Amino acid sequence: MTGPVRTVTVVGAGTIGLAWTTLFLAHGLDVRLSTGRADAERAAREAVELFAPSLPVPPAHPDRLLDRLTIEPDVAKAVAGTDLVQENVREQLALKQELFAEVERAAPDHVLLLSSSSSLSADALGATMDDPSRLLVGHPFNPAHLMPLVELVPGTRTRPDAVERAAAFYRSLGKVPVALRRPMAGTPANRLQSALFREAVHLVAEGYLTAEEADAVVTGSIGLRWAAVGPFQAFHLGGGPGGLRRMLGAVGDRMAAEWEHLGTPALTDDIVRTLAEQTERAYGQGADAYRRLAAARDVRQGAVLAALRAGEDTGRADP
């Protein structure tokens, strides 16, 4: 038996878990936050105060949102009688496997079990479960409370209706769920992000740019472009009326040749130290810097999303 989702259990109170908690509360859901953090109440309040103002939903005072939050360290108690579970604990397979085996025993049979994992497959996560058919990865893109994308990655034993229910749930939160056709290593957004970051690391490690300058290159060019159109549509438009076919016909050979020059840096201690020092020098570090930078990021990101929503009907293909 299934019905509307009214109560959600969030397991794990790191950055992603707290972002999900804020989003769920802002959409009127009752949230049970299961975590062993001794400072869970303080962490939840700080997250709601930081994240909620940027959400594209009617604002509510943090106290009103937090009235619907329950902190429950005991996982079995937290998932008993819930409607949906969103897991966000450390990216350690054995830890997650143990957790999902426990959740399976305590959560009602109809409850969807979703993991925010960015690198572990649903098959691996559910390996110790008796029946993993209601388990799948629901991976958000950080910041999870704001970015629309949620990548749905089912396992080989995940029921199709579980994917459909997960997609409907995320859509009810204003998210854009994208379901993979089959399991893969990692998730598409992280793989694409990693490809760009790898080249950025190469450029900085080789001394062509500083970390701050590499950020400026991205935010002043492809970052802006990709906020409006994705890579395929961008090159489709770059080909003029002839589209992607003309574009790749004209520059495809040169583009493929440039791929041969892309870097493959190793994250050695020296390179990590260089990247960290440059980033900290440019942006600061510590709790105060994090709150300041995250709030500024969310204001800018919210403005971009608002602009995209305002123009979402422009340029749509004719039916």
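Start by selecting residues 15–26 and 40–51: these are helices α1 and α2, packed at an angle of about 65° with axes 9 Å apart. (Helices are DSSP runs of H or I, at least four residues, strands are runs of E, at least two, and both are numbered from the N terminus; axes are lines fitted to C-alpha atoms, for helices over the stretch in contact, with angles from 0 to 180 degrees between N-to-C directions.) Show side chains for T15, L18, A19, T22 and L25 on α1, and A43, A44, A47, V48 and F51 on α2, which make the contact (heavy atoms within 4.5 Å).

A word on what you're looking at: this is a predicted model, where local features need pLDDT of at least 70, side-chain atom pairs count only at pLDDT 80 or more, and totals for chains, interfaces and linings use all residues. Residues are numbered from 1 along each chain as its sequence is written, and side-chain values use heavy atoms, leaving out hydrogens and water.

Next, colour the strands. Eight of them form an open, mixed sheet, ordered β3-β2-β1-β4-β5-β6-β7-β8. β3 (69–71) and β8 (176–179) are the edges, each with a single partner strand, so one side of each has no neighbour in the sheet. (Strands pair if DSSP finds at least two bridges between them.) Zoom in on β1 (7–11) and β2 (30–34), parallel over five bridges; V10 stands opposite L33 in β2.
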